[in-house]
Amino acid sequence: MSASRRVTKVGLAGAALLGVLSCSRPVLEGARLEQLAQVAAQVNEERLMGTLSEVVKAHQEDTPLGCAWLTEDQRSRHEVVCHLTREKAAALLQERFQELGLSVRRNESATTPFPTSNVIAELPGVTRPQEVVLVGAHYDAFYDGADDNSSGVAALLEIARVLSQYKFDRTVRFVGFDMEEFGLVGSSRYIGEYTGPERIVASMVFDCIGYYDTQEGTQQSLPGLPAPSTGDFLAVFGNDTSSQRVSELFALNNALKLAKVTPIIAPRDGTSPLTGNLLRSDHAPFWLTGHEAIFLTDTANFRNRNYHQPTDTVDTLNPAYYRRTVQLSAATLAYWAGGPR
Amino acid sequence: MKRSRFVGLLACVLVLFAAGGARAQEVPAQEPGPREHQFTFYSRAGALAYLSDARTTGGAGAGVGLRDTLHERFILQADLSYLMMLGNVGVLRLGAGVQRSGTYTPAVLLTLTSFFGDRLAFLTPEHPTPVGKLAMALGVSVAPLRFTHQGLQMSLLELGVGVGSDLPGLGLSYQLGLLEVGTAF
């Protein structure tokens, strides 16, 4: 099937979907589905996996942060803490953003015991630059950290590469968060210090998005969360504030037929006792401060036995499923940003 | 330790009710017949959950209600509960059923339960946007350990199931009542 035919088919499917949805709620109002499909098609699997391998290499060649602050007993019980690396991955992020011609800055905090340095790149909006669409992933990792979270960092870079070829109404901001593994430190500081006339209108956070397993029984869940039993889906978590964004991603995915998605919307800011596990990444500080944010994940340790292990390596990931996740993310961010123009 | 205390407490309650029943039998048969309406104010504690492809709601908590017992046999009741664990969830439950007369008064109820407030919502092809914040379920519940004596009512276990309203698709409600205490007025 030629690319143009495929795009037309996608467009028709999208139009049909829009027709159905228009009877209920305008989830994808004004979406230019053909252009969004083209944005998604720009995501290149080979390049994506190549970038991921480079991020992993940066972790391998880095010196771990050290864990002298732990007692011997703590060190023996939480050995993983002694294998956190971050600086070379941050440098790689910054360098790649600069190569794309994006304006890059660091959001530094010297607060002890964990000084942080978030890497921030921007694609300025054309007509509404004060409205910001944010996409983020933490760049610190234990061991190789292929899934957690080189997959998120490589996705960030690939999406930056794709979106930087276009112009958007809103500003698209790419953020590499520091020190997520030690308690969402970088993202908490970023949103805690967030001021100015600009407004974050939507956010998307990646954490562990490369591991998929199509075998039955590979997915675990929690009571009350009806997850499929095969670990081959992308989990998308939102809260009440960001539920519209989750609906938009879900509708776009249905229109563009990209990935198997399981969207879950937590009540309020997600802090109820039964939803604590939904707060385990950098979207949580956004929810807790009333900002819209959705969290994309392969569900990490609920599926991936290599989570926080030396075995979290590139060869354990599923490139095709991972690429589809990144395609869906790119199209969704492009839609949120009011484009492509 | 806790288990033995609970068993002890249960035994005391049963002995008290049995003793009360025995004393009641000693009273000459001068008492009036069953009252047409016996109103009872009750409080209850337990857990309720509503699960469907589109949502999970419920939690554990407590509530209060009003019951009208007709001729010591038929029951009409309404109660309102507040549940925690999944945000703030309110449950309004209407029930109608029958009970055994006497001191040991197990009951069976037909219930219409509405859950409102916070919930975990799931998007599916059938529900591409979050479902509303109200879910209803029609079900049945049984209270096998229920006792009534001199205007005091106590139920130590209540189990219920129901079918819900998240169409298309099936919703199921589950109820576990742990303790209910009521007093007639």
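## Two helices crossing in chain A

Helix 3 (residues 45–60) and helix 5 (residues 87–99) of chain A have axes that come within 7 Å of each other and cross at roughly 145°. Here axes are lines fitted to C-alpha atoms, for helices over the stretch in contact, with angles running from 0 to 180 degrees between N-to-C directions. The crossing of these two helices is right-handed, a term used if the near helix is turned clockwise from the far one by less than a right angle, with anticlockwise giving left-handed. On the helix 3 side, the contact is made by A:Glu54, A:Val55, A:Ala58 and A:His59, and helix 5 of chain A brings A:Lys88, A:Ala89 and A:Leu92. (Two residues are in contact if their C-beta atoms, placed from the backbone, lie within 7 Å.) Sorted by class, the residues of this contact are 4 nonpolar, 1 polar and 2 charged. Nonpolar covers Ala, Val, Leu, Ile, Met, Phe, Trp, Tyr, Cys and Pro, charged covers Asp, Glu, Lys and Arg, and the others, Gly among them, are polar.

This is a predicted model, in which local features need pLDDT of at least 70 and side-chain atom pairs count only at pLDDT 80 or more, while totals for chains, interfaces and linings use all residues. Residues are numbered from 1 along each chain as its sequence is written, and chains are lettered from A and ligands numbered from 1 in the order in which they are written.

## A closer look at helix 3

Helices (H or I, at least four residues) and strands (E, at least two) are DSSP runs, numbered from the N terminus.

Which residues of helix 3 of chain A are buried? They are A:Leu48, A:Thr51, A:Leu52, A:Val55, A:Val56, A:Ala58 and A:His59. Seen down the axis of helix 3 of chain A, the buried residues fall within an arc of 155°, so they line one face of the helix; the arc is that of the directions from the helix axis to the C-beta atoms. Buried means 20 or more other C-beta atoms within 10 Å of a residue's own, exposed means 12 or fewer, and partly exposed is in between, with C-beta atoms placed from the backbone. Turned away from the buried side of helix 3 of chain A are the exposed residues A:Glu46 and A:Gly50. Among the elements covering its buried residues are helix 5, helix 6 and helix 10 (319–336) of chain A.

## Where chain A touches chain B

The contact between the chains takes 20 residues from chain A and 15 residues from chain B. Helix 8 (243–256) and strand 11 (261–266) of chain A each supply at least two residues to the chain A side. Helix 8 of chain A gives the largest share of that side, 5 residues. By class, the side of chain A that touches chain B has 12 nonpolar, 6 polar and 2 charged residues.

Chain B has 1 helix and 11 strands. Of its 185 residues, 36% are buried. Among contacts in chain B with a separation of 6 or more, 60% are between residues 24 or more positions apart.

B:Ala107 sits in strand 5 (residues 107–117) of chain B. With 23 other C-beta atoms within 10 Å, B:Ala107 is buried. Leaving out residues up to four places away in sequence, B:Ala107 touches B:Ile75, B:Gly97, B:Val98, B:Gln99, B:Ala143 and B:Arg146. B:Leu178, in strand 11 of chain B, counts as partly exposed, with 14 C-beta neighbours inside 10 Å.

Two peptide bonds to look at are cis. One joins A:Asp148 and A:Asn149, with omega about 5°, and A:Asn149 lies in helix 6 (residues 146–163) of chain A. Another runs from B:Leu167 to B:Pro168, with omega near -5°; B:Pro168 is in the loop between strand 10 (158–164) and strand 11 (171–184) of chain B.

Positive phi turns up too. A:Cys208, which is not glycine, has phi near 65°, and with 28 C-beta neighbours inside 10 Å it counts as buried. B:Met85 has a positive phi of about 95° and lies in the loop between strand 3 (74–84) and strand 4 (89–99) of chain B.
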